[in-house]
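Please look over the sequence and the model below. The paragraphs that follow go through a surface patch, a pocket and some points of backbone geometry.

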Amino acid sequence: MASVDLRDNLLGISWVDSGWVPILNPSNVLEYFCERSNPFYERTSNNEMVKMQRLTLDHLNQMVGVEYILLHAQEPILYIIRKQQRQSPTQVIPLADYYIIAGVVYQAPDLGSVISSRLLSAVHGIQSAFDEAMSFCRYHPSKGYWWQFKDQEEKERVKPKSKRKEEPSSLFQRQRVDTLLLDLRNKFPPTFYQQKPGEKPVPVEVKKEPEVPPETVKPQEERETKPPAPPGPARPASQPTPNKPPPEKRARLQ
């Protein structure tokens, strides 16, 4: 795994030397910033050369290269240090700003870093909102999509369930049920019955009808069978029945 240099991202780090904090003032704050243990300080700057040669800071105006100056001081808590590229005694290019608050050194972010951070925070918030919204989405093949929120579930748990009123049965339903029960009772009569709750069931006595002797009982076929009529001469279907005149009355002789 490749090592990561802290100088690649200095916006996320800070530096402090607790020995200098009680004595910081505008005259020595630049010397405090130029400590070699400070990750924001470049040892190849003009300040390091002036420090090694034991010269005053006024010689920085006569040099060319990277230098650090005290830009703003608000005693005793806030100091601003600027890093700049000097090209001539009158021309410099700002590179970065650092602020010291209560002895802790931070790098001030540039405009691009601020916009990038704001956009990243906004996108993260929007993505979190979408993820949370998707957690409340429900789907079922028969119902489709719907929303189910946590407060709705709590309300449903706390809300007492209303009892559904049972509709009374109609006259047709009651009579029909009674008829079915009576029919089942006739088909399957009870073999035991209980007179009072808790008592032992008593077998039901079934009365049998007296059997008729088989001699006196005639088969139904014999009773219903009659002798057939004698067969007569068959008449053809095409010949109609002749109409006979009534008999003539004859006078009696005295």
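Does leucine 181 count as buried or exposed? The model is a predicted one, and in it leucine 181 has a relative accessibility of 52%. Because exposed means over 50% relative accessible area, leucine 181 counts as exposed. Its place is in helix α5, which covers residues 171-187. Leucine 181 also belongs to a nonpolar surface patch, which it makes up together with Val177, Leu184 and Phe188. The area of this patch is about 420 Å².

The next feature is the largest pocket. Its volume is about 210 Å³. Residues from several parts of the sequence line the pocket: Ser27, Leu30, Glu31 and Cys34, then Tyr41, then Asn47, Val50 and Lys51, and finally Leu55, Thr56 and Leu57. Two helices, α1 (29-33) and α2 (46-52), each supply at least two residues of this lining. The largest share comes from α2, with 3 residues. Sorted by class, the lining of the largest pocket holds 6 nonpolar, 3 polar and 2 charged residues. Tyr41 and Cys34 are both in the lining, and for this sorting Tyr and Cys count as nonpolar.

The backbone has some points to check as well. Arginine 54 is found in the loop between α2 and β2. Its phi is positive, about 55 degrees, although the residue is not a glycine. What is the relative accessibility of arginine 54? The value is 77%, so arginine 54 counts as exposed.

Alanine 102 is another residue other than glycine with a positive phi, here near 55 degrees. This alanine lies in the loop between β4 (91-101) and β5 (104-107). Why does alanine 102 count as partly exposed? Its relative accessibility is 45%, and the partly exposed class takes in values between the buried limit, under 20%, and the exposed limit, over 50%. Alanine 102 therefore counts as partly exposed, whereas arginine 54 counts as exposed.

Which form does the bond from glutamate 75 to proline 76 take, and what is its omega? The bond is cis, with omega near 0 degrees. Proline 76 has its place in the loop between β2 (65-74) and β3 (78-88).

Methods. Residues are numbered from 1 along each chain as its sequence is written. This is a predicted model: local features need pLDDT of at least 70, side-chain atom pairs count only at pLDDT 80 or more; totals for chains, interfaces and linings use all residues. Side-chain values use heavy atoms; hydrogens and water are left out. On a 1 Å grid over the protein atoms alone, a cavity is a set of points where a 1.4 Å probe fits but cannot get out, and a pocket is an open set with protein on both sides within 12 Å along at least five of seven lines; lining residues have an atom within 4 Å of a point. Grid points are joined across faces, edges and corners, and a volume is the space filled by probe spheres set on the points. Helices (H or I, at least four residues) and strands (E, at least two) are DSSP runs, numbered from the N terminus. Patches are made of residues with over 30% relative accessible area and no salt bridge: like charges are joined within 9 Å, nonpolar side chains (Val, Leu, Ile, Met, Phe, Trp, Tyr) within 5 Å. Accessible areas come from the Shrake-Rupley method with a 1.4 Å probe; for residues, only the protein chains shown count as cover. A salt bridge is a side-chain nitrogen of Lys or Arg within 4 Å of a carboxyl oxygen of Asp or Glu. Buried means under 20% relative accessible area, exposed over 50%, partly exposed in between (1.4 Å probe, protein chains only).
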